[in-house]
Amino acid sequence: MDEHAGLGARIVQHETDHLGGALHLDRAELRSLAAKEQREDRWSTAGLAAAAKQLGFLLP
């Protein structure tokens with residue numbers, strides 16, 4: 001069995017869920033979902049680099 005970590009693991013899980021008919025919302029905790037206003041307040045002014053840093057992604 002292959003092992004994955006980080007973003008690769010999330011992608012594999014996402015696609016595997018699709019094969020089983022599951023969506024992200026089926027697994028998400030309701031408290032983790034943000035309303036449109038909350039999302040805009042947090043991310044609308046952040047640049048791509050700031051958003052990537054907060055989410056733990058490295059940009060090339």
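Predicted model: local features only at pLDDT ≥ 70, side-chain atom pairs only at ≥ 80, totals over all residues.
Q: What makes up the secondary structure of the protein chain?
A: The chain has four helices and zero strands. Along the sequence the pattern reads α-α-α-α.

Q: Why is Phe57 called partly exposed?
A: Its relative accessible area is 32%. Buried means under 20% and exposed means over 50%, so a value in between is partly exposed. Phe57 therefore counts as partly exposed. Phe57 sits in the segment after α4 (48–55).

Q: Why does Leu59 count as partly exposed?
A: Leu59 has 46% relative accessibility.

Q: How far apart are Leu59 and Leu48, in sequence and in space?
A: They are 11 residues apart in sequence. Their C-alpha atoms are 9.0 Å apart.

Q: What makes the nonpolar surface patch, and how does Phe57 qualify for it?
A: Leu7, Ile11, Leu55 and Phe57 make the patch, which covers about 350 Å². A patch residue needs over 30% relative accessible area. Phe57 has 32%, so Phe57 passes that cut-off.

Q: How much of the protein chain is buried?
A: Buried residues make up 7% of the 60 residues. The cut-off behind that figure is under 20% relative accessible area.

Q: Which residues line the second largest pocket?
A: The lining consists of Arg10, Gln13, His14, Asp17, His18, Ala22, Leu23, His24 and Arg27. The pocket has a volume of about 190 Å³.

Q: Which helices supply at least two residues of that lining, and which gives the most?
A: α1 (6–19) and α2 (24–27) each supply at least two. α1 gives the most, with five residues.

Q: Why does the lining of the second largest pocket divide into two nonpolar, four polar and three charged residues?
A: Ala and Leu count as nonpolar, so Ala22 and Leu23 are the two nonpolar residues. Asp and Arg count as charged, so Arg10, Asp17 and Arg27 are the three charged residues.

Notes:
Residues numbered from 1 in each chain as written. Heavy atoms only, no water. 1 Å grid on protein atoms, 1.4 Å probe; cavity = no way out; pocket = protein on both sides within 12 Å on 5 of 7 lines; lining within 4 Å. Points joined across faces, edges and corners; volume = space filled by probe spheres on them. Patch = residues over 30% accessible without salt bridge, like charges linked within 9 Å, V, L, I, M, F, W, Y side chains within 5 Å. Areas by Shrake-Rupley, 256 points an atom, 1.4 Å probe, with all protein chains shown as cover. Salt bridge = Lys/Arg side-chain N within 4 Å of Asp/Glu carboxyl O. Buried < 20%, exposed > 50% of the residue type's maximum accessible area, 1.4 Å probe, protein only.
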